[in-house]
Structures are given as structure tokens and as C-alpha cells.
Amino acid sequence: MLQGPYGSLDRDRPLIRLPFTSFAVGTVLLPLTGLIACLFISLVYHFEDATYTHCHVSNYLPSISAAISRVPERYIWRCCIGLHSAPRYLVSAAYFTFYRSRFAKRLPELLLSGLALLCSLAENTGLLLLTYVSSTETYTSSLLHMLITCRLWQVIRRHYVNPEEVTSYRWKVRLFLFNIICCLVAAYFFRRHNKFCEEGVYTLFALFEYLVVFSNMAFHMTAFWDFGSKEVIVATPPEDKRY
């Protein structure tokens, strides 16, 4: 390689080199840590306000929207989601590139890959704009993304024998099914609370709402197996040697 007066070996080295597994774990830990911190602060310092219900029955857990709506909770949540969003967009693009290489000659799966990308972008954008986008819309995008992802990985499992990919597929399916069950149970308790205003029912709704969010985070953590041997690299672009 030619070395001009402005070139050096140091210049050609990557500026940042990070295992994708560490990148994935860090990305998921941001909203997880933020949510746990918001729940803790709400329960300790804002218990009465955070657990208030319109029919004044006893409630022991805040909903997620109540837990992130006060100060300093809202700033903790915004900070964590803001830092989390950029890596999530990168992961969405990485998955789309991965699917395109696997399904280069399979048009139905290529179309599903594009739809999965749109759902992932909508889910992430919904988290960023949670004040303006309802949580129901965000959950819908999330469920559709998980469903499409499971379908794509079902095809991958049939045509490839990589043990890590098989493990990833199995956990994706388990977490998707668990997520659906928690969504249905949360919806049941929410409707029951609004209809009958029974003591503790809203607490059960909040608990299953947490499980929906935690299982969604765990679903995204399966990238640990999908990109286990990959790295995230920030480097200077190669110099054009043509004169």
C-alpha cells in the first residue's frame, strides 16, 4: 500500500472496533436500565401519583406511561431511549443486509425482509416519539416485526445448519409466543379494570405490561447469536490511489 505524506499506518487502523455481542448487549441495557430506574423512583418517591387510578381503587404498580411521565423519570427515559435509538437503527439496517444476502433469490422472503425493516424502524421511531405515538401503535409494530422475523428465521433454519442460528430461531419463537400471551393478558386486565374497577387488577395489568416490554427486549437480544462473530468497526475511508 502506498504511503503518501498524509498517510500512515495509524490512519489505516480502525478508530473503534467492538464485538457485535457487546454492542447488542449495550443497546438493550440502555432502555432496560432506564425503565428499571424509572420504576424504582416512581415507587419510592412518587408512589401515590404513579399508582393513581381513575376509580380510586388500590393499585401497587405504576403503568409504564405513568412511571416515565414525572421528573426526573421522564428525563432518564428520554436520555436512555435517545442513546438507544441510533444503535437500534444500525441493527435494523444490519438485519436487512443479512436477510438480503440470505434471500437473494427468494422474492417472498426479500419482500418480508423489507417489511421487517419498516416495522423495526416504526417501532424504534415510536419509542422516540412516545409522547405523540400511542403505545398501542408501538406494540403493533413490535408484534408484526417479531412475527415476520420468526417467519424469516424459520426459512433460514430449514436451509442452514448453523447451531447458533437454530438456537436463535428457537428463542425468537419462544419469546414471540410469550410476548403475545402477555399482551393478551395485559389487555384483559386493562379492560377488566376499566369495566369493574376491582382492587389490584390494574396492578396485574402493569405487571404484564412490564413482561411485554422485557420479552421484547429479550427478543432483540437474540442478535447475540445472529451476529456473534461480527464486529462493529468505525474506520477512516480508504484513500483513492488513482492520480
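Let's start with a bond: Cys55 and Cys197 form a disulfide, with their sulfur atoms 2.4 Å apart. Here a disulfide means a pair of cysteine sulfur atoms within 2.5 Å, and a search of the whole structure finds one. Cys55 sits in the loop between α3 (47-50) and α4 (64-67), while Cys197 sits in the loop between α8 (163-196) and α9 (201-221), so the pair ties together parts that are 142 residues apart in sequence. The helices are DSSP runs (H or I, at least four residues), numbered from the N terminus. The torsion about the S-S bond of Cys55 and Cys197 is about -110°, so this disulfide is left-handed.

A word on what you are looking at: this is a predicted model, where local features need pLDDT of at least 70, side-chain atom pairs count only at pLDDT 80 or more, and totals for chains, interfaces and linings use all residues. Residues are numbered from 1 along each chain as its sequence is written, and side-chain values use heavy atoms, leaving out hydrogens and water.

How covered are the cysteines? Cys197 is partly exposed at 23% relative accessibility, whereas Cys150 is buried at 8% and Cys182 is buried at 2%. Buried means under 20% relative accessible area, exposed over 50%, and partly exposed in between (1.4 Å probe, protein chains only). Cys182 is in no disulfide; its nearest cysteine sulfur, that of Cys183, is 7.4 Å away.

Now turn to helix α2 (residues 20-45), where you will find Leu43. Leu43 is partly exposed, with a relative accessible area of 31%.

How values were computed:
Helices (H or I, at least four residues) and strands (E, at least two) are DSSP runs, numbered from the N terminus.
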